[in-house]
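Thank you all for coming. I would like to walk through one model this morning, beginning with the overall layout and then moving to a few individual residues.

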Amino acid sequence: MGSAFQTIADLEATAEEAGALGERVGVWLVAEGIATPEREPSAPDKTWYLPGPRWSHVTDEPRSLGTDGLAVVTGRTVFFGSPGTGGSPICPHCATVVPDRRSSFSRAMDAWWATGVAEVRCPACGRTVPLPAWEWENDFFAFACLGIEHWNGPPLRPAFIAELTEVLGHRTRVLAGRIWRGDGAQPSSRRRSLRRKRLS
């Protein structure tokens, strides 16, 4: 058994504005009838919004099935796809795929986790690129301070993703995957486990 997930990561929100943007998302979800006014904080950095009468705007999943709803995650987080699937980084300037990323990107991940700032030089075009700005094959990674998660449900509707992106006013990335039991990263501990995750 495992847990399927989808995440809409805000690639441009700063640590200072993530909290206010998370609140803006919550207000919008309630105003649109997508979520109910009740919220369930599960951790200092994660708040669950329960499905509202217009939940069908989010996915094909009936509200009556007792879905978990949506979680707004704030704070420095490494969002990722299915463990083991991987994906090489792609320079956003020259579109070069960097096949051997172990040393430079692993060090950058550690630095970003500790300070929120990290850069990697593209070996092809020579430009120095902030870690969050790198693209990834299979949309495998997103280094962000704000994300909206949906667990164990059908794919998010493209219209919902587009509207949420407009509410945020920033560039976003959608990640999806499944965490199997034994992967060492449960839904409630993805951030902590990724601090120790090394690129394979």
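Predicted model: local features only at pLDDT ≥ 70, side-chain atom pairs only at ≥ 80, totals over all residues.

Residues are numbered from 1 along each chain as its sequence is written, and side-chain values use heavy atoms, with hydrogens and water left out.

Let me start with the chain as a whole. It has 4 helices and 10 strands, and read along the sequence these follow the pattern β-α-β-β-β-β-α-β-β-β-β-α-β-α. Of the 200 residues, 48% are buried, where buried means under 20% relative accessible area, exposed means over 50%, and partly exposed covers what is in between, with a 1.4 Å probe and protein chains only. As for contacts, meaning heavy atoms within 4.5 Å, residues 24 or more positions apart account for 72% of those with a separation of 6 or more.

Turning to the strands, I use pairing for two strands between which DSSP finds at least two bridges. Which strands pair with strand 1, residues 2-10? Strand 10, residues 172-180, runs antiparallel to strand 1 and is joined to it by 9 bridges, with Ile 179 as the bridge partner of Ser 3. Strand 9, residues 141-151, also pairs with strand 1 in the antiparallel sense, over 6 bridges, and here Thr 7 has Glu 149 as its bridge partner. Strand 1 has 8 of its 9 residues buried, so it is largely enclosed by the rest of the structure.

Strand 9 pairs with strand 4 in the antiparallel sense over 8 bridges, and Phe 80 has Phe 141 of strand 9 as its bridge partner. Strand 3 runs antiparallel to strand 4 and is joined to it by 4 bridges, one of the pairs being Thr 47 with Val 72.

Next, the helices. Helix 1, residues 15-31, and helix 3, residues 158-168, have axes that come within 10 Å and cross at roughly 130°; the axes are lines fitted to C-alpha atoms, for helices over the stretch in contact, with angles running from 0 to 180 degrees between N-to-C directions. The two helices are therefore oblique to each other, given that angles under 35 degrees count as roughly parallel, over 145 as roughly antiparallel, 65 to 115 as roughly perpendicular and the rest as oblique. On the helix 1 side, Leu 21, Arg 24, Val 25, Trp 28 and Leu 29 meet Phe 160, Glu 163, Leu 164, Val 167 and Leu 168 of helix 3.

Now to some individual positions, beginning with a loop residue.

Gly 116 sits in the loop between helix 2 and strand 6 and is partly exposed, at 30% relative accessible area. Not counting residues up to four places away in sequence, Gly 116 touches Arg 76 and Ala 111. Arg 76 is itself partly exposed, at 28% relative accessibility, and its C-alpha lies 5.9 Å from that of Ala 144, 68 residues away in sequence.

Finally, a word on backbone angles. Most residues other than glycine have a negative phi. Asp 139, in the loop between strand 8 and strand 9, has a positive phi near 50°, and Asn 152, in the loop between strand 9 and helix 3, has a positive phi of about 55°. Asp 139 counts as partly exposed at 33% relative accessibility, and Asn 152 counts as partly exposed at 41%.
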